[in-house]
Amino acid sequence: MKDICKSVVKKDHDPKIKGETRYLVDYNLTDKGERILCGKLLHSPYAKARVLSVTVPDLPEGYFYIDKTDIPGDNNVNIVLDDTPVFCRDTVEYIGEPIAMVAGPDEKEVDRILSEIKVEFEELAPELDIRNGTKNFFEYEFGHGDVEKAFREADKIYEEEYLTGYQDQTYLEPQGMMAEPEENGVMYVHGSLQCAYYVHGAVMRALGVDASKVHIFQDPTGGGFGGKEDFPSIIGCQVAVAAKKANAPVRCVFDRREDLEFTPKRHPSLCRYKVAVKDGRVTGADCEVIFNAGAYSTLSAVVLQRGIIAAIGVYDIENVHVTGKAVKTNTNPCGAYRGFGAPQTFFAMETMMSHIAQDLGEDSIEFKERHFVKQGDTTSTSGRYHFPVPLPRMLAQVDEMADLRRKHKEYMKAQTGRYRRGIGFSAVFHGAGFTGSGERDFIKATAKLRKYKDGTVEVLASNGDIGQGVRTTFPKIVAHELNLPLEKVYYNHPDTARVPDSGPTVASRSLMIVGELLRRAAIKLRTIWRDNEEQEVEEHYKEPDFMIPFYLDRFEGDAYPTYAWAVSAVEVELDTYTGLSKILGAYGSFDVGTPVDYNIVMGQMEGGFLQGLGYASIEKMNYDNKGRIRNNSFTDYLIPTAMDVPNLQVKLYVEEYPDGPYGAKGAGELPLVAPPAAYIEAVEQAMGGSKRHKLSFIPFSAEDVIHELNKEVL
Amino acid sequence: MNGIRFRLNGKDVCYEGSATDRLLDVLRDTYDMKSVKCGCKEGECGACAVLIDSVLYNSCCVAVGAVEAHEILTVEGFKETEQFKALSKAFAELSAVQCGFCIPGMVLASQALLMKNPHPTKEQVQEGLSGNLCRCTGYNAIVNAVLNASKEGDGLW
């Protein structure tokens, strides 16, 4: 293991474990000693309605009612398209849409006022079904080869449909933002967020001011997982508008029910796959991918792009045709969640491959293995896998950990009795960094180092630590290049008034892309280092030369410079009386390149793995026939506890990436992506295999097992 | 005076508000015990866990009137102890703290477990921490840290 891999004590360990870290909700007063007003949102009770009138009760002194008429700038939250309003326009488009905010000193009084506001609605018919969405926010199509020819010449054609449900990020700290008016008309907005500069752009626009009149700070953030990518921009605008009107600090913190019900989640999906097989080999795949975007487009364009790029999984298929649609429904807007569209399509493709193998009478691991892509092969978007693909060696690693191949064959044989076993396997990739030309054309990251006279060095970047450890790993890289003790290099939470835009904290990009900028900056600083002087160096992103340019209009080229790889196996024991699947073992091999800190990377892999298992099994969330989310508490939306996966084993496989720092690739999202299909294959195997029970949706709960098993009796 | 008297981190206090106020809110707002986090306010996540007479409770589900004459420990008090230091060291060595929001509750759950059972098995640790949700770690690092603390801090519990 390289020196850089050795684990250190995380820089934020001490204040966090002592409970001294101040999250947004922990401020009693602002830093300047001002009283903070409590802001709360008036949410729409209807999935679609025209707002005819709003009657606000007399407000006590010091209380404010804020709606779209108070927005000094533009009632559009700057995300991808201009459709998400700060406060609703003339109609509400989903249950929970913010109509207005009430702000004032006493929370109970704010609640009273909210309960007395009378809104007259004209109810309209909502569209709630992904199958008949009212419009497509985004549509893409791409492919290679001749898929029709593949179908004409096929020995057999397989057609299946897959469904995946919502998944909520369920960070332990709910969403919250605060705005404080400063002198000279500057608005200071801070809170629990991933992307300080996204909030910056959004607040500027809502307030109608230039960049110098707004600055954004990331408070310590109690988890994000994508959930705090776009949503803080929305609440950030709301509190900024409220603070502007009240001319006082306003803080809005969601309670858990609001958070589960009204904040972005993973897109539910419907995938229709048609696959051609000739001579035992997949020769063509036609994949139709539909994501339920919800009422506004928010991040759906980019989520869908990543999803459809992964549509054919890790397989070399000659003829491919993919279409993707993000459909509008009158439901909560979906957004970013670790994996960003890819967990849905990987689940579809992995399950399809397993079902085909079972139909052909071949072990699905061997069938998949025969189709693995290799270095030099063409990607789904006619780019190239430029670097070695270590899947076979990773599979060997998992086989050794889990006794995978033997068990997989053994459990395929007919089982009887109450308890039956299955083991499933799945292999995926995750492309690190923004999709396509995003890093080059859109993000254009800049990172800086500032050396002070006392010899300490500060990292200046906009990537927030949300638990993944960049406050430790960034300084580790810089200290390593400068030969400094780690204590001499530090990285504070970003404030846009002080740091350049190194891009958002998303897409598993921070360490691989910004970490490499910092490594290069540190080398630069080393060469010009002069004691007792303040010095600053800066680095800008440059796209690696080997990349085949990506064109979004044709959906062609290298979608990512390189890929992180994952292989996982999940073993279950199914209780056929209760439907419960006990996870006996969960095994993963992950190639994220060089781990810049072994423990930190292992923590990402284990945490992501468990989220993936939750997604496939117990994390069920859906809405009723009015469009209201039914699972808005931890009693109804279950996430895994310490007892749910007692035997979770992870190993790292290192395939170094030359353009990442010390060979590192993106890590954060990868581990969530593979487990769902592995879990489903395991449960299906325990139920007798896909010829008896073909499973095609997640989450697959104990109730679903019983429902499926009952078909045998009927 | 009719206040509610209890001991908080070793000091006698007297709460003047209503006996039905939530212990979580009283600890955070009146006594500024900000290590006590609110993750759900309905007894499911464990972020607000505190020790009442050495037993782990979710403070969101306790009315302050119920703690009269009892002893409450939060991380503000616990962090001064040798047991805390052993746990903190073990958590640090495995980088078991990610976002940090569940951690004060998790540390107190660990303490409650180790006081009852100084040498727990892995399964007992998993059970002992099962009322505390963590979304970041997948629990492995935390469970192993508690096991290590139990070994290395032998005699402290």
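How many residues does helix 10 of chain A have, and how far does it reach from its first C-alpha to its last? The helix, at residues 391-402, has 12 residues and reaches 16 Å, close to the 16 Å expected at 1.5 Å a residue (1.5 Å times one less than the number of residues). This is a predicted model, where local features need pLDDT of at least 70, side-chain atom pairs count only at pLDDT 80 or more, and totals for chains, interfaces and linings use all residues. Residues are numbered from 1 along each chain as its sequence is written, with chains lettered from A and ligands numbered from 1 in the order in which they are written.

**Helix 10 of chain A**
- Its buried residues (20 or more other C-beta atoms within 10 Å of their own, C-beta atoms being placed from the backbone) are A:L391, A:M394, A:L395, A:Q397, A:V398, A:D399 and A:A402.
- Among the elements covering them are helix 9 (364-371), helix 11 (404-410) and strand 16 (419-431) of chain A. Helices (H or I, at least four residues) and strands (E, at least two) are DSSP runs, numbered from the N terminus.
- Just past the helix, A:D403 takes a positive phi of about 55°.

**Chain A against chain B**
- In contact (C-beta atoms, placed from the backbone, within 7 Å) are 41 residues of chain A and 40 residues of chain B.
- Helix 15 of chain A gives the largest share of chain A's side, 7 residues.

**Domains of chain B**
- The domain assignment (automatic or from a database) gives domain 1 (4-74) and domain 2 (81-152).
- Their contact takes 14 residues from domain 1 and 12 residues from domain 2.

How values were computed. A residue is buried if 20 or more other C-beta atoms lie within 10 Å of its own, exposed if 12 or fewer, and partly exposed in between; C-beta atoms are placed from the backbone. Two residues are in contact if their C-beta atoms, placed from the backbone, lie within 7 Å.
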